[in-house]
Amino acid sequence: MTEENELLERITMRPDVFGGKPIIRDKRIAVEHILANLAAGETIENLLKDYPFLEMEDIQACLLFAHRSLAGEHVHDRIAVRKAS
C-alpha cells in the first residue's frame, strides 16, 4: 500500500495549471493527457521518449489514479494541491 501511496504523491493539482486538473509532479502535463494517449494506442516507451522528463512511475501513477477514481475512491481529496507560483 505504501508503494501505491508514493505513486499517488506524484499526482498534484495547481489551480493555475489546467484549471486545477490533476497533473504529474507539478509539471504542465495533465494526467488525462497521458491516459488519452495510452487509450489511443500510444506505447509507454514512446511517451517516455516524447516527454523525457517523465518517468515510468509517472505513467504508473496516472494509471493508478484512474483505477482508484473509477473504483469510487476519493483520490482527489488526497492529492497535493500546490499554490500558484
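Mentor: Happy to. In this predicted model, 33% of the chain's 85 residues count as buried.

Trainee: Why is Arg 10 called buried?

Mentor: Buried means under 20% relative accessible area. Arg 10 has 18%, so Arg 10 is buried.

Trainee: Where does Arg 10 lie, and which residues does Arg 10 touch?

Mentor: Arg 10 sits in the loop between H1 and strand S1 (11-13). Leaving out residues up to four places away in sequence, Arg 10 touches Ile 23, Ile 24, Arg 25, Glu 55, Glu 57, Asp 58 and Ala 61.

Trainee: What makes a group of residues a nonpolar core?

Mentor: The members must be buried residues of the listed kinds, Ile, Val, Leu and Cys among them, joined through side-chain atoms within 4.5 Å. The largest such core here has 14 residues, and those with the most contacts inside it are Ile 11, Ile 24, Val 31, Ile 34, Leu 54 and Cys 62. Helix H1 (2-8), helix H2 (31-39) and helix H4 (56-70) each supply at least two residues of this core. H4 gives the most, with five residues. In soluble globular proteins, nonpolar side chains tend to be buried together.

Trainee: Which residues does Ile 34 touch, beyond those up to four places away in sequence?

Mentor: Ile 34 touches Ile 24, Ile 29, Leu 47, Leu 54, Ile 59 and Cys 62.

Definitions and conventions
Residues are numbered from 1 along each chain as its sequence is written. This is a predicted model: local features need pLDDT of at least 70, side-chain atom pairs count only at pLDDT 80 or more; totals for chains, interfaces and linings use all residues. Side-chain values use heavy atoms; hydrogens and water are left out. Buried means under 20% relative accessible area, exposed over 50%, partly exposed in between (1.4 Å probe, protein chains only). Helices (H or I, at least four residues) and strands (E, at least two) are DSSP runs, numbered from the N terminus. Contact means heavy atoms within 4.5 Å.
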